[in-house]
There are 2 protein chains.
Amino acid sequence: MNEIKKMLDNENIKPTYERLSILQYLEKNHNHPTVAMIYEELVKKIPTISKTTVYNSLNLFMEKGIVAPLYITGSEVRYDLSTSQHHHFLCEQCGKIYDLTIDCPYLNKNTIEGHQIKQKHGYFRGICKSCLEKDKSQK
Amino acid sequence: MNEIKKMLDNENIKPTYERLSILQYLEKNHNHPTVAMIYEELVKKIPTISKTTVYNSLNLFMEKGIVAPLYITGSEVRYDLSTSQHHHFLCEQCGKIYDLTIDCPYLNKNTIEGHQIKQKHGYFRGICKSCLEKDKSQK
DNA sequence: TTCATATTTGAACTCATTACAAATATTAAA
DNA sequence: TTTAATATTTGTAATGAGTTCAAATATGAA
């Protein structure tokens, strides 16, 4: 919880209860949640919270670089704490998103062909190991 | 135009006028268009075409693997002919999407950590070379 | 306390995409 | 050629993520 407060302090973001709760959720749940998932969980604890606040906060965190968006599904944005750069795998069958640790030669670069890099996105999509095994045993 | 018909024949897709026109657009315009861009252009030539047909056709092409979706902007899907695998750069200032030729060690792989790969997405976002130069000269 | 500013809230809105049923075109059988 | 079955297209309505915006609330300084 102290770590989270520091993240906000470092970026001069006022640590309101809502913002702290959203960041705390992301720290505890590494499930690449949607806004709806964060909202549904937080509204249990903070009945007055609004979806707009979740959007506002996440957009602010993204601007400051402490939260990273994932565009992997194509239908809604997923969110992740910007800790270490890593790739992702989306299973098109069960919907689960896996973290991948890939030794990508561009992870530490900040320019490419003269363009200035702000975000890097490495996605794979397909059928995950677990679903492949389930499908095989059901055949 | 013959090439395009072959692509559809290979996948047993009936080459209707609408489908051919959509594929033809993608072959001639390498601008990673949205559905709206494709529709606006085609409706000039085919006044009766509907957006739903553009969506239907592109979804069919994607299933068959002859068109690849780009989720790079986060707000709407961009489309590309599935010719050679390559990475993309989105300029957050001018909105242009650049093709990148990157020697990625995973381009030819079809599994990763036991997961079966169907799609690979490599995106970079930031400020493009052209915008950087404009910004500098205006300072 | 009072005023100014920042944040949150909720309703209305935009826009991409899908669902669906009617209309049209195509193909095969009689 | 007719008829019937199937595939495709069309247009409207619905869905759902995300934004806009003004009112309400909280915060902080004078």
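The model is a predicted one.

Start inside chain A. Ten residues from domain 1 and 13 residues from domain 2 make the contact. Together the domains bury about 970 Å², and carbon and sulfur atoms give 60% of that area. On the domain 1 side, A:His32, A:Ile72 and A:Thr83 supply 53% of the buried area, more than any other three residues.

What polar links cross this interface? Seven residue pairs are in polar contact. The count of salt bridges is zero. Strands E1 (67–70) and E2 (78–81) of chain A each supply at least two residues of the domain 1 side. By class, that side has four nonpolar, four polar and two charged residues.

Now turn to the two chains. Chain A gives 34 residues to the contact, and chain B gives 34 residues. The area buried between them is about 2900 Å², with 63% from carbon and sulfur atoms. In chain A, A:Tyr71, A:His115 and A:Arg125 lose the most area to chain B. Ten residue pairs are in polar contact between the chains, while the salt bridge count is zero.

Which element of chain A gives the most to this side? The answer is strand E6, with 13 residues. E6 of chain A spans residues 115–127. Eleven bridges join E6(A) to strand E6 of chain B, and the two strands run antiparallel. In one of these pairings, A:Lys120 has B:Phe124 as its bridge partner.

Methods: Residues are numbered from 1 along each chain as its sequence is written. Chains are lettered from A and ligands numbered from 1 in the order in which they are written. This is a predicted model: local features need pLDDT of at least 70, side-chain atom pairs count only at pLDDT 80 or more; totals for chains, interfaces and linings use all residues. Side-chain values use heavy atoms; hydrogens and water are left out. Contact means heavy atoms within 4.5 Å. Buried area is the accessible area (1.4 Å probe) that two parts lose on being put together, summed over both. A salt bridge is a side-chain nitrogen of Lys or Arg within 4 Å of a carboxyl oxygen of Asp or Glu. A polar contact is a pair of N or O atoms within 3.5 Å; within protein, one must be able to donate a hydrogen and the other to accept it, and residues adjacent in sequence count only if both atoms are side-chain atoms. Helices (H or I, at least four residues) and strands (E, at least two) are DSSP runs, numbered from the N terminus. Ala, Val, Leu, Ile, Met, Phe, Trp, Tyr, Cys and Pro count as nonpolar, Asp, Glu, Lys and Arg as charged, and the others, Gly among them, as polar. Two strands pair if DSSP finds at least two bridges between them.
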